[in-house]
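Hi everyone, thanks for coming. Let me put the structure up on the screen, and then we can walk through it together.

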Amino acid sequence: MYKQDETYYRAIAVLSKDAFAKLSNLDIFSDDYDAKLTEAISPLVIDHIENLSQLIPAQSQLDQWVGKSGKDLFDAGWENAGWNLDEMVFWMDYGNFQYDVVMTGDVKNSDEFSEEDMNALVVKSVKFNGQLGNATDIGE
C-alpha cells in the first residue's frame, strides 16, 4: 500500500513460496529490516494496482453510523485502534481505512477504561481520518 498525490493505492503481486518465507521471517525491529524487505519484494511482479481511494465511503454513508452503539460497530466488523477519552475520539479500523469515531456516554474511570466499555457508548460522528486501516484485506 502506498499514497501518491493524495491517492491511496494497493499493489497486488503473486508470492512464490520462497518470497513468502522471506517475508514471514522478517523482523520488523531489525536494523536491516528495510533492506531485507526490499530484497524480498524487489523480484515480485506486480499483477495489478488498485486505487483504494475509490473505496473510501462517502460521508453520507459514514453518517449512517450516528446513533449506533459501540457494540453495533464491533458486531459489524469495526476494530478498535485506540482512543482519546478527553475528547471521546476513538480511532477505529473498518475495512481498508481508519476513522475518527466520536462517541458520547459515561466513562466512569478512564484509568480502567477498556475496549469492552466502548460497547455502551453511542456514535456522535464518524469521519475518515486519512489513515489506512487493514489495507491488506482484499476481501477474500
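A word on terms before we start: a residue is called buried under 20% relative accessible area, exposed over 50%, and partly exposed in between, using a 1.4 Å probe and protein chains only. This is a predicted model, where local features need pLDDT of at least 70 and side-chain atom pairs count only at pLDDT 80 or more, while totals for chains, interfaces and linings use all residues. Residues are numbered from 1 along each chain as its sequence is written, and side-chain values use heavy atoms, with hydrogens and water left out.

Let's begin with the salt bridges. By salt bridge I mean a side-chain nitrogen of Lys or Arg within 4 Å of a carboxyl oxygen of Asp or Glu. The count comes to 5. One of them joins E50 to R10, with 2.7 Å between the closest N and O atoms. E50 sits in strand β3 and R10 in strand β2, so this pair ties together parts that are 40 residues apart in sequence. Helices (H or I, at least four residues) and strands (E, at least two) are DSSP runs, numbered from the N terminus. Is each partner buried or exposed, or something in between? E50 is partly exposed at 24%, whereas R10 is buried at 6%.

Another salt bridge links K71 and D75, at 2.8 Å between the closest N and O atoms. Both belong to helix α4, 4 residues apart, which means about one helical turn separates them. K71 is partly exposed at 41%, and D75 is exposed at 56%.

S69 has a relative accessibility of 18%, so it counts as buried. Which residues does S69 touch, leaving aside those up to four places away in sequence? They are N119, L121 and V122, where contact means heavy atoms within 4.5 Å.

Finally, the largest pocket. A pocket here is an open set of points on a 1 Å grid over the protein atoms alone, where a 1.4 Å probe fits, with protein on both sides within 12 Å along at least five of seven lines; lining residues have an atom within 4 Å of a point. There are 14 lining residues, and M1, A11, A13, I41 and L44 lie nearest the centre. β2 (7-13) and α1 (17-24) each supply at least two of the lining residues, and β2 gives the most, with 4.
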